[in-house]
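Hello,

Here is the structure I promised to pass on. Have a look at it first, and then read on for what turned up.

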There are 2 protein chains.
Amino acid sequence: MNMEKVNSVDFGDFVEVFGNVIERCPLAAAAVRSQRPFSDLEDLEKHFCTFIDALPRSGQEGILRCHPHLAGRELQRGTLAAESQREQSAAGLQNPGTDERRRLAKLNAQCRARFGFPFVLVARLRDPAVVARELERRLRCPPAQELRTALGEVKTIGRLRLADLLGADCARL
Amino acid sequence: MNMEKVNSVDFGDFVEVFGNVIERCPLAAAAVRSQRPFSDLEDLEKHFCTFIDALPRSGQEGILRCHPHLAGRELQRGTLAAESQREQSAAGLQNPGTDERRRLAKLNAQCRARFGFPFVLVARLRDPAVVARELERRLRCPPAQELRTALGEVKTIGRLRLADLLGADCARL
């Protein structure tokens with residue numbers, strides 16, 4: 001981890017490196033850049049969370065809408081952002097059985113219809129059966145609660161991605 | 001223009017179609033989606049402007065940092081987003097003379113150093129000589145004024161892109 005490097009790269013490189021800490025949201029990294037210098041990983045992470053928390057509800061829903069569908073077509077086709085591809089594959093979501101795939105697709109569709117955004121969860125910490133049970137539980141929650149839950153997952157995913165990037169910063173920066 | 005179609009597509013398609021109305025900022029489209037139904041182009045445009053205006057200053061600076069450099073390497077290499085490529089080429093910025101290129105590169109660097117974000121301007125409305133003169137003028141403005149000016153340009157670019165998209169909506173949606 002080399003925060004000196006993080007603090008000294010120009011904003012183009014900063015956005016390139018951290019542009020997918022929040023999925024498909026280079027704006028988050030580009031905004032966080034205004035807060036440098038950063039003291040450490042936690043400090044950097046805190047500013048990403050602050051960016052999300054400061055958005056109006058529509059913006060927070062927007063953060064979720066920029067996420068791919070869990071175990072969706074993009075995953076099968078390999079067209080996800082590299083980080084998502086790795087995370088969803090690690091959770092065994094790339095090749096679920098036919099029944100499991102149908103169940104996940106149905107839950108995803110129900111989520112989009114009920115909440116207006118997709119399920120977001122920390123795929124790399126779960127396995128496909130746990131994912132399906134968790135989605136069933138969350139589907140019954142009130143929308144405001146599911147929004148909070150999903151944004152909490154976004155922040156955890158962001159923390160894991162930041163840790164990956166800073167562990168490998170010499171190669172990337 | 002067919003607002004019925006705009007109002008009825010699912011959020012994945014909505015973000016895909018309008019994801020670059022604000023350069024490299026699918027989040028803006030994903031957030032605006034919460035405000036549907038939209039009555040017309042002006043209504044849709046108003047919500048994009050509201051999204052930008054509601055961001056804290058760091059977020060507004062972030063919007064600008066997601067823009068490519070005017071007449072920069074990405075333009076020469078053809079790796080810009082399609083909209084930017086078209087707009088900058090139309091302004092004659094793709095193949096400026098050597099002196100003009102040097103002058104624009106110097107002005108861009110001065111802007112990044114002074115303001116912490118790149119110049120953004122409605123390239124398709126200008127020619128290279130006018131661009132350079134305009135950048136020289138803006139470089140002397142106070143940072144808060146340049147932020148306002150640049151965001152005004154972002155909004156104009158967004159309006160032009162929306163008009164293009166809605167004029168061609170049958171092909172895209």
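How much area do chain B and chain A bury between them? About 2,000 Å², with 72% of it on carbon and sulfur atoms. Buried area here is the accessible area (1.4 Å probe) that two parts lose on being put together, summed over both.

Some housekeeping before the details. This is a predicted model, in which local features need pLDDT of at least 70 and side-chain atom pairs count only at pLDDT 80 or more, while totals for chains, interfaces and linings use all residues. Residues are numbered from 1 along each chain as its sequence is written, chains are lettered from A and ligands numbered from 1 in the order in which they are written, and side-chain values use heavy atoms, with hydrogens and water left out.

The interface

The contact (heavy atoms within 4.5 Å) takes 24 residues from chain B and 24 residues from chain A. On the chain B side, B:Phe11, B:Leu27 and B:Arg65 lose the most area to chain A, and together they make up 35% of what that side buries.

As for polar links, eight residue pairs are in polar contact between chain B and chain A, both residues being at pLDDT 80 or more. A polar contact is a pair of N or O atoms within 3.5 Å; within protein, one must be able to donate a hydrogen and the other to accept it, and residues adjacent in sequence count only if both atoms are side-chain atoms.

Three helices of chain B, helix 2 (11-18), helix 3 (26-32) and helix 5 (57-65), each supply at least two residues of the side that touches chain A. Helix 5 of chain B gives the most, with six residues. Helices (H or I, at least four residues) and strands (E, at least two) are DSSP runs, numbered from the N terminus. By class, the side of chain B that touches chain A has 13 nonpolar, six polar and five charged residues. For these classes, Ala, Val, Leu, Ile, Met, Phe, Trp, Tyr, Cys and Pro count as nonpolar, Asp, Glu, Lys and Arg as charged, and the others, Gly among them, as polar.

A:Arg65 is worth a visit

A:Arg65 lies in helix 5 (residues 57-65) of chain A. Is A:Arg65 buried or exposed? It counts as buried, because its relative accessibility is 6%; buried means under 20% relative accessible area, exposed over 50%, and partly exposed in between (1.4 Å probe, protein chains only). The side chain of A:Arg65 reaches the backbone oxygen of B:Ala30 at 2.5 Å, and it also makes a polar contact with the side chain of B:Ser34 at 2.9 Å. Leaving out residues up to four places away in sequence, A:Arg65 touches several residues, including A:Ser58, A:Phe117, B:Phe11 and B:Arg33.

Helix 4 of chain B

Helix 4 of chain B has 14 residues and reaches 20 Å from its first C-alpha to its last, close to the 20 Å expected at 1.5 Å a residue; the expected span is 1.5 Å times one less than the number of residues. Its buried residues include B:Leu41, B:Leu44, B:Phe48 and B:Ile52. What covers the buried residues of this helix includes helix 3 (26-32) of chain A, along with helix 1 (3-8) and helix 10 (143-167) of chain B, among others. B:Thr50, also found in helix 4 (residues 41-54) of chain B, is partly exposed at 43% relative accessibility. The C-alpha atoms of B:Thr50 and B:Val32 are separated by 8.8 Å, and the two residues are 18 residues apart along the chain.

Chain A and some backbone details

Chain A has eleven helices and zero strands. Of its 173 residues, 54% count as buried.

Most residues other than glycine have a negative phi, and most peptide bonds are trans. A cis peptide bond joins A:Arg36 and A:Pro37, with omega about 5°, and A:Pro37 lies in the loop between helix 3 and helix 4 (41-54) of chain A. In chain B, the peptide bond from B:Arg36 to B:Pro37 is cis, with omega near 5°.

Phi of A:Arg24 is near 50°, a positive value, and this residue is partly exposed, with a relative accessible area of 37%. Phi of B:Arg24 is also near 50°; B:Arg24 sits in the loop between helix 2 and helix 3 of chain B.

Best wishes
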